[in-house]
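Hi,

Here is the structure I promised to pass along.

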Amino acid sequence: MTDTAYFLRLALLLVLQVLLLNFFPFSQYLVLSFLPAAILCVPARHGGVFALAVAFVAGFLTDFFADGMLGLTVCALLPVAYARTWILRLIFGADFFDREEDLSLRRNGFWPVLLAVFLATLLFFLIYVQADGAGTRPLWFNLLRTLLSTLVSTFLSLFTVNLFSPERQ
Amino acid sequence: MPRSKETGTLIFTAAVFIVMEVAALALLSHSATLQNIWLNRFSHRIMALNWQTGENVRGHFKLREQNEQLAAENFALREELRRYQELDRLEEEEAHLAAAKGRFTYIPATIVKMSRNSLHNYIILDKGSDDGVYPHSGIISEQGVVGVVQAVGRRYSYGLTLMNSFLSVSARVGRDGLVAPLVWDGVSTRRGFLKGVPPHMEIPEGETVYTSGFSFVFPPDIPIAVTQGVSKEDGATNSVAVELLQDFSSLRYVTIVQNPSRAEITALEKEREEAQ
């Protein structure tokens with residue numbers, strides 16, 4: 001996937017994310033985010049620093065346009081960008097980056113991609129929910145919110161992966 | 001990718017991540033009061049943990065220093081204790097010496113001449129009346145009893161050794177056993193006899209024979225000989241063969257032992273004899 005194609009899709013996803021956060025507050029137990037999957041889908045030819053930069057900008061723009069706290073999405077998304085290399089290497093093998101493959105449901109398989117997206121989303125929500133609560137909410141609430149948000153967002157993120165899939169170009 | 005380059009990339013990525021995460025947290029901290037408090041509390045916890053770890057590390061090294069200090073102090077105290085023990089021992093020895101000095105004085109002397117081949121062997125010492133020696137003083141060495149001063153010149157003394165058939169020394173078997181006169185056998189350089197031992201007394205072999213202290217010549221408990229066999233002396237008494245501890249062939253330096261109370265004791269004895 002070219003960088004332009006990636007950024008176009010990312011912009012579309014950001015708009016969708018902002019709309020979701022601003023106009024569709026489903027429940028206090030549920031937050032939807034496709035950004036962790038979008039970060040996983042950063043083209044494999046780019047290194048960690050590029051992913052970090054994308055995560056920072058994407059998170060910042062989301063926080064800025066959404067009715068939320070500035071920095072919340074950024075600080076939850078940056079660890080995902082940093083862990084991206086480890087997660088992809090862990091699930092798809094050490095040569096994933098050597099082959100410069102982009103994440104694809106068809107090529108990489110449904111379950112491995114699901115697992116990768118789940119790990120990235122879980123990491124994101126572990127930080128996001130904790131930082132959002134700022135120590136004021138009980139543990140069970142945070143756990144429930146993290147779990148629900150992770151599960152729902154993971155399944156929705158599969159569409160995100162499909163959107164970024166190289167086969168769609 | 002070369003390993004060093006890969007490591008460098010990893011470090012660089014980690015550094016970028018840390019910088020961006022700090023920036024994100026700073027953004028979050030400035031945008032919401034609750035998050036600001038939460039992050040402050042979190043950072044305080046991290047700082048406290050850091051300080052605690054630092055303190056633990058410092059404490060660990062300080063502990064080592066304190067251990068060394070305690071070990072040095074312990075060593076100094078042990079040294080002091082040893083000094084006090086030594087002092088105690090010296091005081092005790094001095095007390096014994098003072099007690100002994102009350103009865104006996106000691107003069108070191110060198111043998112000028114000594115005979116070993118006759119029945120009445122004698123010894124000449126390089127200390128005389130000028131050195132405070134007087135007749136009937138004992139002659140001892142580190143091995144035991146040597147003899148008794150018989151006559152005194154100004155600078156020399158003449159004494160009889162244990163290898164003299166005229167000399168008899170009051171001896172005791174063991175520390176608190178039988179007391180009997182010890183005499184030379186007249187033949188061997190290392191053999192003598194305890195004479196007049198009652199037949200009912202059992203004298204074990206290998207028992208050390210000491211001076212009895214019943215005379216004014218020798219202080220008590222100076223080793224003289226070791227017991228050997230018992231033999232019949234006459235019908236009424238036995239004699240115990242002894243091996244003398246003193247090796248007369250290698251003797252060079254001796255100590256003259258004198259009893260300052262000798263004159264008083266002799267005078268007392270004389271007075272009682274005249275009264276009877």
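B:Ala151 sits in strand β4 (residues 144-152) of chain B; helices (H or I, at least four residues) and strands (E, at least two) are DSSP runs, numbered from the N terminus. B:Ala151 counts as partly exposed because it has 14 C-beta neighbours inside 10 Å. For that label, a residue is buried if 20 or more other C-beta atoms lie within 10 Å of its own, exposed if 12 or fewer, and partly exposed in between, with C-beta atoms placed from the backbone. Leaving aside neighbours within four places in sequence, B:Ala151 is in contact with B:Pro135 and B:Tyr158 (contact: C-beta atoms, placed from the backbone, lie within 7 Å). B:Tyr134 is 17 residues away along the chain, and its C-alpha atom is separated from that of B:Ala151 by 7.4 Å.

Some housekeeping before you go further. This is a predicted model, where local features need pLDDT of at least 70 and side-chain atom pairs count only at pLDDT 80 or more, while totals for chains, interfaces and linings use all residues. Residues are numbered from 1 along each chain as its sequence is written, and chains are lettered from A and ligands numbered from 1 in the order in which they are written.

On to the rest of chain B. Its secondary structure comes to 3 helices and 12 strands, and buried residues make up 26% of its 276 residues. Strand β12 (residues 253-258) pairs in the antiparallel sense with β1 (residues 105-114) over 6 bridges, and B:Pro108 has B:Thr255 as its bridge partner in β12(B). Strand β3 (residues 138-141) also pairs with β12(B) in the antiparallel sense, over 3 bridges; there B:Gly138 is partnered by B:Val257. (Two strands pair if DSSP finds at least two bridges between them.)

Chain A is built another way: 7 helices and 0 strands. Buried residues make up 42% of its 169 residues. Residues 24 or more positions apart account for 76% of the chain A contacts with a separation of 6 or more; for chain B that figure is 55%.

What about α7(A)? Its 26 residues should span 38 Å at 1.5 Å a residue, and its end C-alpha atoms are 35 Å apart, which agrees (the expected span is 1.5 Å times one less than the number of residues). This helix has a kink of about 30° centred on A:Phe155, where the bend is the angle between axes fitted to the seven residues ending there and the seven starting there. Its buried residues include A:Arg145, A:Ser149 and A:Phe164, and their cover includes α1, α2, α5 (105-108) and α6 of chain A.

Then the cores. A nonpolar core is a set of buried Ala, Val, Leu, Ile, Met, Phe, Trp, Tyr and Cys residues joined through C-beta atoms within 7 Å. The largest has 54 residues, and those with the most contacts inside it include A:Ala38, A:Leu77 and A:Ala120. Helix α1 of chain B supplies at least two residues of this core, as do several chain A helices, among them α3 (48-65) and α4 (72-92). A second, separate core of 43 residues includes B:Val197 and B:Tyr210.

Finally, where the chains meet, 16 residues of chain B are in contact with 17 residues of chain A. α1(B) gives the most to the chain B side, with 12 residues.

Cheers

Note on methods. Two residues are in contact if their C-beta atoms, placed from the backbone, lie within 7 Å.
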